[in-house]
Amino acid sequence: MQFEVWAPQADRVTLECDGVTRVMERDAERRGWWVAEAEAGDGSRYGFAVDDGPVRPDPRSRRQPDGPDGLSAVVDQGAYEWRAEWAGRPLRGAVLYELHVGTYTPQGTLDAAAGRLEHLVELGVTHVELMPLCPFPGRHGWGYEGVSLWAVHEPYGGPPALKRFVDRAHELGLGVVLDVVHNHLGPSGNYLPVFGPYFTDTHHTPWGAAVNLDAPGSDEVRAFMIGSALAWLRDYRLDGLRLDAVHALKDTRAYQFLEELSAAVDSLAAETDRPLFLIAESDLNDPRVITPRQEHGLGLHAQWNDDFHHALHTALTGEAQGYYADFGRAPLRAVAKTLTGGYFHDGTYSSFRGRHHGRPLDRSRVAGHRLLGYSQTHDQVGNRAQGDRLSASLSPGLLACAAALVLTAPFTPMLFMGEEWAASTPWQFFTDHTDPDLAEAVRRGRRREFATHGWAEDEVPDPQDPATRERSCLDWSEPEREPHARVLAWYRRLIALRREHPDLMDPDLADLRVAYDEEARWLAFRRGDVRVAVNLAGERAAIPLGPRPARILAAWEPVRAPGRDGLLHLPGEACVVLEQE
């Protein structure tokens, strides 16, 4: 078979395959590429040496059996026999479920996670969003320090396990989305600079030199990143990708990397005849990110909406520090603004940033399903000092209110694993760095970060302690017990209502009408004939819904439909979904 590698600055490149070394030749047709022929098959170990340096893994490695520092392995992508016939599931109408393989089950493997997929079918979600799977040092971690962007973390089960997971999900009718990281690579096991200008000092990011998207050599770097994205969608039959922190991608070229990537994904969707989509994590509040390319946007299909989360979080918890400050001044007004306009900061002043931020969405052109709405994510839970979920501080009634707002809003809802039963387990920041110096730097950095917010060192979990990861694993006995079982039943009912009532699937932001009382702490909104009301206060509220007769579709606490006076008398820390006749 032919091996190839891009090493534009090298004078000599050798291939080591199954213990045999061969000198590679320059590819006459592709500048900077080297090629060699060698007998190899599935599982053959190989690597490349540049200018007689040490043998390093292939930048496009499909498998790293011995971790990021080991040799690569050949993967026969055609060897797996797919069982499921899958036409795909589009983003519109979806309910996503963010899942971390290493803590979804105690075993922390893709096969173990696949064994729990029936739970998600019964819950009613449509897609699983897997957190990053690329290889990283050690066994356990969040995955955002990954390297080998074409490979699957071996402790999770490697490439075969991912195919089994996707196949089982598709058999059950679930789509699969993967979180991919293009804005940086981990500090350990990253050998890309050995081969070429994958990074540039032209720009700097929180992780150091930026991925080279616009400096000399960036054509091949962009092709490398896009090729990786397409490989996940094509070879593993994934349905979409979540793009981590696209605001950290530094790109001054006229044809933006994200636009090029979205065009490539849309072409693959047409080729495979199934819907494929890209979801951005974007801090820009720039509607151009999710505006179609033909309308001069970047063409991504959706983005996470942290503004909705921040508004909802402040309304539920009363927290108003840091980036919550602007939302916390009038949290229900902030919730109302995001429900109807998508962004909170749409050109307004951001005290956290010290400047104006964002621009308005054109509600006549941007559908609500292009924004993901959520009350919890891995970021918003795990980046707290102790990784505490909302369930650690809120009553079941307030958790039910959060679920009602997320699952009946005009956005694409996303849940974070375990929230559907108010999991009592935290989700903390954990690592397994094999480099002692790096491990200590991470440990000290984490504690130093939270010391500025008043946390003592012994209150911040040690990321390197195996117990930190173990505490973060879901407890699968909880869904059978109260109060968890009641919360789970509520989530199931709300998701079912989305399927049963077209008004709840309508992504028209302009059609939503909302009312609220900041002091009394209630909020209600209308979507077609459906009315949703939440009371975040501890005492009963009288909420005017109008004189039209209505029937109760779902209620957290027993409640009567409004009488002739149009008033809904809703108990404290409770919520209801009604349909007016």
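Guide: Helices, of at least four residues, and strands, of at least two, are DSSP runs numbered from the N terminus. The model is a predicted one.

Visitor: In which loop is Ser148 placed?
Guide: Most residues other than glycine have a negative phi. Ser148 is not a glycine, yet its phi is positive, at about 55°. Its place is in the loop between strand S9 (127–130) and helix H4 (158–171).

Visitor: Is Ser148 buried or exposed?
Guide: A residue counts as buried under 20% relative accessible area. Ser148 has a relative accessible area of 10%, so it is buried.  Gln64 is in contact with residues including Ser148, and Gln64 has a relative accessible area of 1%. The class of Ser148 is therefore buried.

Visitor: Which residue's side chain makes a polar contact of 2.6 Å with that of Gln64?
Guide: Gln64 is found in the loop between strand S6 (45–50) and strand S7 (72–73). Leaving aside neighbours within four places in sequence, Gln64 is in contact with Pro57, Gly70, Leu71, Ser72, Pro135, Ser148, Ala151 and Glu154. The side-chain polar contact of 2.6 Å joins Gln64 to Ser61.

Visitor: What is the omega of the peptide bond from Glu482 to Pro483?
Guide: Most peptide bonds are trans. Pro483 is found in the loop between helix H14 (466–472) and helix H15 (484–500). The bond from Glu482 to Pro483 is cis, with omega near 5°.

Visitor: How far apart are the end C-alpha atoms of helix H12?
Guide: Helix H12 covers residues 396–408, which is 13 residues. The expected span is 1.5 Å times one less than the number of residues, so H12 should span 18 Å. The model agrees, with the end C-alpha atoms 18 Å apart.

Visitor: How many of the 13 residues of H12 are buried?
Guide: Among the buried residues of H12 are Gly397, Leu398, Cys401 and Thr408. H12 is largely enclosed by the rest of the structure, because the number of its 13 residues that are buried is twelve.

Visitor: What is the length of the polar contact between the side chains of Arg531 and Gln580?
Guide: Arg531 is found in strand S22 (residues 530–535) and is buried, with a relative accessible area of 10%. Not counting residues up to four places away in sequence, Arg531 touches Phe525, Arg526, Arg548, Val576, Val577, Leu578 and Gln580. A polar atom of the Arg531 side chain also lies 2.9 Å from the backbone oxygen of Gly528. The polar contact that joins the side chains of Arg531 and Gln580 is 2.5 Å.

Visitor: Which strand supplies the largest share of the lining of the second largest pocket?
Guide: The second largest pocket has a volume of about 360 Å³ and is lined by 15 residues, with Met1, Tyr46, Asp58, Arg60 and Arg62 nearest its centre. The lining divides into eight nonpolar, two polar and five charged residues. The largest share, three residues, comes from strand S1.

Terms used
Residues numbered from 1 in each chain as written. Predicted model: local features only at pLDDT ≥ 70, side-chain atom pairs only at ≥ 80, totals over all residues. Heavy atoms only, no water. Buried < 20%, exposed > 50% of the residue type's maximum accessible area, 1.4 Å probe, protein only. 1 Å grid on protein atoms, 1.4 Å probe; cavity = no way out; pocket = protein on both sides within 12 Å on 5 of 7 lines; lining within 4 Å. Points joined across faces, edges and corners; volume = space filled by probe spheres on them. Nonpolar A, V, L, I, M, F, W, Y, C, P; charged D, E, K, R; others polar. Contact = heavy atoms within 4.5 Å. Polar contact = N/O pair within 3.5 Å; in protein donor to acceptor, adjacent residues only side chain to side chain.
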